2 protein chains.
Amino acid sequence: MTELSTMKDGVANQAEASDRVLQILAEAGRLFASKGFEGTSMRDIALACGISKSLLYHHFSNKDEIYARVAVGSTLELYLFVRDRIPDGPPSQKIRAFMVATAEYFRRYRWAWIASTTAFWNDPDRHRHKERLTRRDRFENFLRGLIQEAIDAGEIRKVDVPMTGRLILSSLNWMHRWYNPNKSATPEQIADIFFDMIFNGLRSGELVELPTAEPPKAGRRKSR
Amino acid sequence: MTELSTMKDGVANQAEASDRVLQILAEAGRLFASKGFEGTSMRDIALACGISKSLLYHHFSNKDEIYARVAVGSTLELYLFVRDRIPDGPPSQKIRAFMVATAEYFRRYRWAWIASTTAFWNDPDRHRHKERLTRRDRFENFLRGLIQEAIDAGEIRKVDVPMTGRLILSSLNWMHRWYNPNKSATPEQIADIFFDMIFNGLRSGELVELPTAEPPKAGRRKSR
DNA sequence: GCCGGGCTTGACCGATCGGTCGGTGAAAAC
DNA sequence: GTTTTCACCGACCGATCGGTCAAGCCCGGC
């Protein structure tokens, strides 16, 4: 039921869906995330929802559509979710906000996130696969824009932009494999730690402001 | 056939296996990696090998055993493979070597790597799951040891060791999702770039040697 | 009363799943 | 020359897969 409520208020294009549909999407997402698409049967989903298998076909035309609503339907939302949480300010802090917002999305829509980032990454459905890539590209290009912005502003050095984006996204995308909601920090805190490590580096040594650089931002390190 | 030869000379505990067994493991690994465990049928594997389905059961007792030989059987080897490629020298360079060696393993045993890091990550088989976790822990603890070593030597600042390990492994573990063998750099080169980003940081600014630090190592950045 | 229309169901379908079985043919062992 | 061994195959099994269908159930409007 917690899945249900968090999904309702977050994923915009599913706002008008009935409770039953939201329940099915929540349970299906959880199952897809834990057992994969092929490993999850329609009977499994029906059993988890406490309904008959036939009812699934009353609300959805087939298994693919359920998956599409779970995984594909929320990929666009990720971009919108994150974009709306980027504050005005120095570009490097926008990157930090990008990472924290992505982590928040992961925490709130965990099963949909896992299903969309792990299962079906080589989708046999050509059209849907293409659409997912388009949405994914929009999300990644947004990050690359922030990185380029930070380079232009002189806040980060002239690194390879796509490669930097991949490093940042890797740290976030892999989180679901080791994150334990009962232990350690929140996803947002973890994203903040990763930003610090990637931005400031692990290396010991004094950091000295460049004369041309903008005024110092929050969270700067002065070595140990 | 290339899969076959690379697998034969690399994965030690499969050295005595017949060509047919190696062929099955290679094709099965490729299929598991692209379609997942549940999404790959025994008929698929047999067809890919150009043999009958019955022959699979002549060489393996069941589908699980094939998966175990593909994924679990090579996880220990990853640790040994990487350990043997860590040179003597400054701890930070050991970390770099760790990343490069892991990337080399990824390049050479790509399908086994993908199968072991993606499919079946919540294994219904309790015993095998536990064994995989043990092997995985050994690999990760080895990295954490290197990180602690670098901290003790004063080469990297006092960061959270497990979290640092997760950041480094994330960058490597996610590589299979975007790496294109026909384009861009080799996995080893990518690992080197990631090490530079994580070790030196993205941040602009002059780095000044600490007086107590050891003599400079290769690859140091002197700002932009 | 009763009637129409969504929500819900169990029985059922053809296809495919992992796995088994008896048998073949050729080389190795005796 | 006979027997044993072994890689290999086609036919087949029960179970489960995704999906269909006709028929009930429930409930507000008449």
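In the predicted model described here, B:Glu104 is buried, with a relative accessible area of 17%, where buried means under 20% relative accessible area, exposed over 50% and partly exposed in between, computed with a 1.4 Å probe on protein chains only. The place of B:Glu104 is in helix 7 of chain B, residues 91–108; helices are DSSP runs of H or I with at least four residues, numbered from the N terminus. When its neighbours within four places in sequence are left aside, B:Glu104 is in contact (heavy atoms within 4.5 Å) with B:Phe81, B:Arg85 and B:Glu188. With the side chain of B:Arg85, the side chain of B:Glu104 makes a polar contact at 3.5 Å, a polar contact being a pair of N or O atoms within 3.5 Å, of which, within protein, one must be able to donate a hydrogen and the other to accept it, and residues adjacent in sequence count only if both atoms are side-chain atoms.

As the model is predicted, local features need pLDDT of at least 70 and side-chain atom pairs count only at pLDDT 80 or more, whereas totals for chains, interfaces and linings use all residues. Residues are numbered from 1 along each chain as its sequence is written, chains are lettered from A and ligands numbered from 1 in the order in which they are written, and side-chain values use heavy atoms, with hydrogens and water left out.

A nonpolar core is a set of buried Ala, Val, Leu, Ile, Met, Phe, Trp, Tyr and Cys residues joined through side-chain atoms within 4.5 Å. The largest such core has 92 residues, and those touching the most other members are A:Val82, A:Phe98, A:Met99, B:Val82 and B:Phe98. Not counting residues up to four places away in sequence, B:Val82 touches B:Phe98, B:Ala101, B:Thr102, B:Phe139 and B:Phe142.

Helix 2 of chain A, residues 19–35, is largely enclosed by the rest of the structure, because 12 of its 17 residues are buried. Among them are A:Val21, A:Leu22, A:Ile24, A:Leu25 and A:Phe32, together with A:Gln23 and A:Glu27. Just after helix 2 of chain A, A:Gly36 takes a positive phi of about 85°.

Helix 4 of chain B gives the most to the surface near DNA strand D, with four residues.

DNA strand C is likewise surrounded by 16 residues, of which the closest are A:Ser52, A:Ser54, B:Met42, B:Lys53 and B:Lys63. Of the atoms of DNA strand C within 4 Å of the protein, 43% belong to sugar or phosphate and the rest to bases. Phosphate oxygens of DNA strand C lie 3.0 Å from a polar side-chain atom of A:Arg20, 2.8 Å from a backbone N or O atom of A:Ser52, and 2.9 Å from a backbone N or O atom of B:Met42. Helix 4 of chain A gives the most to the surface near DNA strand C, with four residues.

Conventions:
Helices (H or I, at least four residues) and strands (E, at least two) are DSSP runs, numbered from the N terminus. A residue is near a molecule or strand if one of its heavy atoms lies within 4 Å of it.
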